[in-house]
Amino acid sequence: MNYIRQLFYDMRHQKMMTWVSIGGTAVSIFLVLVFFMYNSLPTVEVAPETHRQRIYGAMKLYVELTGEGKEGWNASGGLSYDAAQKLYGDLDGVEAISYVSSGSGSINVIVDGKPPVSSIAIGVDGNFWKIYNFNFITGRPFTEEECLNTTRPPIVLSEKMARHLFGIIDVVDREVNIGGRPYVVVGVVEDVNPILRNTWADVYMPLGEEWRKGWDNQPAYVFLGSLKVLLLYAEGTDPENIKAQVRSRYATLNSELEKLGGKTQYDNSPYDAETMGKNSWSKSPTVTNIAAKRWLVYALLLLLPAINLSSMMRGRLQHRISEIGVRRAYGARRRDIVGQLLGENFVVTIVGGCIGLILSYVFMLFFSSAFFSMVDRWSSLAAKMATPTFSMLFSWQAFAIALGACFVLNVLTASVPAWRASSLQPALAISKNKS
Amino acid sequence: MEIIKLKDVNKVYRTKEIETLALENVNLDIKEGEFVSIMGPSGCGKSTLLNIIGLLDTPTSGTVKIMDKMTADMNDSQLSAFRNANIGFVFQSFHLIPSLNVSENVALPLVYRHGVSASERHKLVDDVLRRLGLSHRMRHLPGQLSGGQCQRVAIARAIVGDPKIVLADEPTGNLDSKMGQEVMDILHKLNKEDGRTIVMVTHNEAQARMTDRIIRFFDGRQVE
C-alpha cells in the first residue's frame, strides 16, 4: 500500500515524465492490440461463420507447363470444379464440402425495368448453406440441384439488397434479372458483416455450369478455374491428416497433368481461416510463416517503445536515488529495491495499458475501415467497407494479450534502470540528492 | 569489548584522471556503549569513515570488524541483514521519504526485517514515537514537520529496530541551537539509558566535548 502511495506521490511530482511514460505505454499497447485484433478477425466466430475454427479452404492451383517451347510458362488461379473435386472431394474427416466462386464481384441487378442496382455477388453451391449458419428472414436456401437449373435459377438476397430492390423483405418468388437472365428469389438472409469475407455479399447466386468450367487456353490449364473450396472438418479432425490425403491427391493430379504437358506442386492446402485471409494471388504457392512474422511484429511493437520508456524510467529514478540509498541503509536488499521499482512501474504500465486497450477498441470500432484499406492492399471491397462489431473484438485473449504486453513492457523498461539504481553503493546513493 | 574495530583502513576514490586518498591507514577501536565524536575539517574523510563503519561503503584495503564479524566476507544480502539488525543511521538532512508519513518512515527498518508482523511493527513504532514525543505527528508527512521534528523522526527510525550501534552524520548540522540541543539530549539518552554505541560526526566542538571521546581527522588521517 505504501508503495502505491509512493508511486502516486512520485507521479504527482514528475507529471511530465509520468504522462510521457503512460502515453508511450498506451501507444505501445494500442498498437499491439490493434495488430492482435486485426489478425484475429479472420478467425473470430460470428454468425453466419460460426465454425471458423473447423473451416478450411483451398483457393488456388498453380500449373507450370512442361512441353517443348513452353519453359517458364505458368499460371495460378482458382480451381475448376473437376480439379476441386479431384483434390478435395470425399476426404476422410471432412463433414461437408462447398464449392464457391473464388472471389466476389460487382453485378447489376434489375427489377421490373427499373435502373440497374450495383451489388456484390458470390456464387455458391447448395452445400454452402450447410457450412455456414445463415439466418433466413424469409424463404430458404437453394439446393445443389437447383444450382444447375438454367431456365429460372434460384437466388438469395441480403436483407439490405431486398429492401433496396423491392422496398420490402418478403420477396420470395419475386424475379430479378442479372445479365439478361431471370432469377427467382428463394430466400432473404440477415445482412452479413463485410468483415466476414467468405459469406458477405448482397446477392448469393447459384454456382451454375459457367462457374464450374476450367480454362481452355492451354490443355494443361484445364484444372484452373474460378472456384475455391471450403471444407468443414469433423470435430477432432487432425488437419495434418487431411493435408496428407490432399498431398497424395496432388500426386495423382500431377500424373494426369503430365499427359497434358503440365505439372503442379502441392501448396500445403487446405488452409485454416487465418491463412486463407492472408493468402493472395500474387504470391508463390508456398505458405509464408505467418506466426513467425507476427511474433516479430509484436516484439518490435514492444521493444521500440520500451527503449524510450526505459530512458524515461531512468530519468524518473534519478529523483529517487537517495531514497533508494536510505532503504538500502536500513536493510533493503537489491532484489527488494528492484521488486519495488518493478511493481511501481507495473502500475504505470497497467494505467497506460488500460488507456491503450480503450483506444484500440475505439479505433477498431470507428476507424477500422480506413485502417483496413491502408494495410490490406489485397483486400476486396469488403475489407474496405468492413467495420467490426464489439462482439467480434471482445475476447479474453485481447485482455490476456494486453496484460501480457504490459508485463513484458514493464520488465523491458524497468528491469535495467531498477537493477542499476539498486546496484549503487548505498553511501553514494544517499549523497546523490536529498529526499 | 570493542564493538567496532578498523585496521589499516584505506579508502581511495579513483577517476580516470585522479586518485583521491579519502582515508589513510585508519586504525580505530570503539568500545560497546561508547559515545564517540569524529571531528575534522570538511573533506577530511569523516563521512567516508562513518559510511565504512555503517557498511554503506567498502574500504579499498584494510579490515572492518563490527560486533566481531569480518564484514569483508559478507555478500550483499548478508550486509543488508546485518545493517538492518545492528546499525541505525541519522543523517544531517534527515533523509526521510517525503511520500511516507511519520509512522511509515519510522517503520522502514522493520519492513525489511523478516519475522516482524504488522501488529508488532505498529507497536514498536508507537512505542518509539511516544518515547520521542512524536505520537501526535504519526500521520503527518515530513513536509509538515519542523527540522527538529524531522530529526527526531529520523532518530526514531534509527532506533526502532533496536540496533546496538547508531551512526549520526552531523545530526544537528541543519538545526538551530535549541533544536540541536534537543537532538543531542536524545542521543545522550540513547547512549546512557539504552547503552547504545553512538558514533557521531560533528563540527560542533561543544557537542563533541560532551561525548566520551573525540577522534580528530585531517586529510584522511587520524590525528588524535
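Q: Hi! Where is Asn25(B) in chain B?
A: Asn25(B) is in strand β2, residues 19-31 of chain B. Strands (E, at least two residues) and helices (H or I, at least four) are DSSP runs, numbered from the N terminus.

Q: And what is the phi of Asn25(B)?
A: Asn25(B) has a positive phi of about 45°, although it is not a glycine. Most residues other than glycine have a negative phi.

Q: How exposed is Asn25(B)?
A: Asn25(B) is partly exposed, with a relative accessible area of 46%. Buried means under 20% relative accessible area, exposed means over 50%, and partly exposed is in between, using a 1.4 Å probe and protein chains only.

Q: Before I go on, what kind of model is this?
A: This is a predicted model, where local features need pLDDT of at least 70, side-chain atom pairs count only at pLDDT 80 or more, and totals for chains, interfaces and linings use all residues. Residues are numbered from 1 along each chain as its sequence is written, chains are lettered from A and ligands numbered from 1 in the order in which they are written, and side-chain values use heavy atoms, with hydrogens and water left out.

Q: Thanks! Which residues of α1(B) are buried?
A: They are Lys46(B), Thr48(B), Leu49(B), Leu50(B), Asn51(B), Ile52(B) and Ile53(B). That is seven of the eight residues in α1(B), so this helix is mostly covered.

Q: What follows α1(B)?
A: Leu55(B) does, and its phi is positive, near 60°. Leu55(B) lies in the loop between α1 (46-53) and β4 (61-66) of chain B.

Q: Is Leu55(B) buried or exposed?
A: Leu55(B) counts as buried, at 7% relative accessibility.

Q: Zooming out, how many helices and strands does chain B have?
A: Chain B has seven helices and ten strands. Its radius of gyration is 17 Å, close to the 17 Å that the globule rule gives for 224 residues, so chain B is as compact as a globular protein of that length. The radius is taken over C-alpha atoms, and the rule is 2.2 Å times the number of residues to the power 0.38.

Q: What about chain A, what is its radius of gyration?
A: Chain A has 29 Å, but a compact globule of 435 residues would have a radius near 22 Å. The C-alpha trace of chain A spans about 95 × 60 × 40 Å along its principal axes.

Q: How many helices and strands are in chain A?
A: There are 17 helices and 14 strands in chain A.

Q: Which residues are buried in helix α3 of chain A?
A: In α3, residues 81-88, the buried ones are Tyr81(A), Ala83(A), Ala84(A), Leu87(A) and Tyr88(A). They cover an arc of only 160° around the axis, so they are on the same side of α3(A). The arc is that of the directions from the helix axis to the C-beta atoms.

Q: What comes just after α3(A)?
A: Asp90(A) does, with a positive phi of about 55°.

Q: New topic: which residues does a cis peptide bond join in chain A?
A: One joins Ser269(A) and Pro270(A), with omega about 0°. Pro270(A) is in the loop between β14 (262-264) and α9 (273-278). The bond from Ala47(A) to Pro48(A) is also cis, with omega near 5°. Pro48(A) is found in the loop between α2 (15-40) and β1 (55-58) of chain A. Most peptide bonds are trans.
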